[in-house]
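The following paragraphs lead the reader through one protein model, from its strands to its helices and finally to the confidence of the prediction. Please keep the sequence and the structure in view while reading.

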Amino acid sequence: MGREPTHQDGVPITVICGPLGAGKTTLVNRLLDAPAGRTLAVVVNDMGQVNVDAERIANEGGDVVDLSNGCVCCRLQDDLREQVQSLAETRELDAIVVEASGISEPVPIAQTLTGATTDEPPAGVALDTTVSVIDAYGFWKAFDEDEHLPASAPDPARPLTDVLVDAIEFCDVLLLNKCDMVPDEVRDDLESVIRTLQPRATIHRTTYCDVETDAVVDTGLFDYEVGRRQQGWKRALAGEHDHESAAETHGVESIVYERARPFHPERLDAWLDDWDGAIVRAKGFAWVTSRPDEVIGVSQAGPSVQAGPIGEWGDDDPATRLVFIGTDLDEERIRSELDACLVSGADDEWTRDPFPREAD
Ligand SMILES: Nc1nc2c(ncn2[C@@H]2O[C@H](COP(=O)(O)OP(=O)(O)OP(=O)(O)O)[C@@H](O)[C@H]2O)c(=O)[nH]1
């Protein structure tokens, strides 16, 4: 049993936006772990061809609707509308959480969920809270290569900067996340820079998105009229968002690397330590000979690389599946470098017999 719904108009929807790797999935998993007595459903979409986030959240026991193969702000607007509507119709929910991909722009999502562009809002739901997760470390570094603070507004010519600025400008609640990665005095300065771009939102400084569920779910903070006056809405209403692929707009692409042969641990480590700077984000699962029975989760965003066991293969055939997201990726080089990290017949470390066959 969930708590008494406070929302008059329908199941409240929280939309989570923010740049690649800022911590959106971390927040979703935290909400699912501690729903504060609420029954939540999650709608997630991912930029890669494989929805790693949906798998991760489902592994955490979440109830997940997967909108793969696109970006909710562009191609998937009808899917999004239908999914939230059908969740509200078929389930007893206290709230729906939509995790946008790291390149989704918040304004078109809000337009879809309020029916602003189509005069056809989804039935039985109400956009309730827009949350932006901002990577404090990434924000600090993005605008000042000398590691000084951003003195002025960000340069819109930089790739992905638009996504960051849109996320800051258009939200009710802003999580300044990864605060563990920046010094105290920088946090203060970052917050004041954010305040100039975003005078209205509630700002929380977080580490691993450690925020109370009540601060982001069923808050009643979204206000259509206030939202409409925001910078992002103005641009959108002026027709500047033409609904072409956000991936194309931002020059972002993704590569999925799948192999049924394990990695040599040291070669993989060395590669992870020194990889192609065009990769903005990597995530997925790896099969590594040093821990052959364990699923090794890999997640990198900027300087934060995490790789470690997240479960056992059990009855599943072990295999590596990694998604790389970046700008102007050299796909051939990344694939051949990774292939060179796989074990070969000459490696002493891998004596399992018969030798696993390659998937491709
Ligand atoms: N140091 C540090 N790492 C964090 C924090 N929050 C999240 N991370 C790590 O940052 C990486 C990206 O986090 P995710 O939650 O997957 O980010 P995301 O926004 O869902 O990423 P995309 O779906 O690719 O856009 C993961 O390795 C997280 O464990 C934090 O506060 N501090």
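Two strands are said to pair if DSSP finds at least two bridges between them. Helices (H or I, at least four residues) and strands (E, at least two) are themselves DSSP runs, numbered from the N terminus. The model is a predicted one, in which local features need pLDDT of at least 70, side-chain atom pairs count only at pLDDT 80 or more, and totals for chains, interfaces and linings use all residues. Residue numbers start from 1 along each chain as its sequence is written.

The protein chain contains 12 helices and 12 strands. Strand β1 (residues 11–17) runs parallel to β5 and is joined to it by seven bridges; here T14 stands opposite T129 of β5. Strand β5 also pairs with strand β6 (residues 173–177), again in the parallel sense, over five bridges, and V131 stands opposite V173 of β6.

Burial is judged by counting neighbours: a residue is buried if 20 or more other C-beta atoms lie within 10 Å of its own, exposed if 12 or fewer, and partly exposed in between, with C-beta atoms placed from the backbone. Of the 360 residues of the protein chain, 44% count as buried. Helix α1 (residues 24–33) is mostly covered, with eight of its 10 residues buried; among them are T25, L27 and V28.

Two residues are in contact if their C-beta atoms, placed from the backbone, lie within 7 Å. Among contacts in the protein chain with a separation of 6 or more, 79% link residues 24 or more positions apart.

Helix α11 (residues 265–273) and helix α12 (residues 331–341) have axes that come within 8 Å and cross at roughly 150°, where axes are lines fitted to C-alpha atoms over the stretch in contact and angles run from 0 to 180 degrees between N-to-C directions. R267, L268 and W271 of α11 make this contact with E337, L338, A340 and C341 of α12.

Confidence is expressed as pLDDT, the predictor's confidence in each residue, from 0 to 100. The protein chain has a mean pLDDT of 74, and 65% of its residues reach 70 or more. Among its elements, β6 has the highest mean pLDDT (96) and helix α9 (residues 231–237) the lowest (42).
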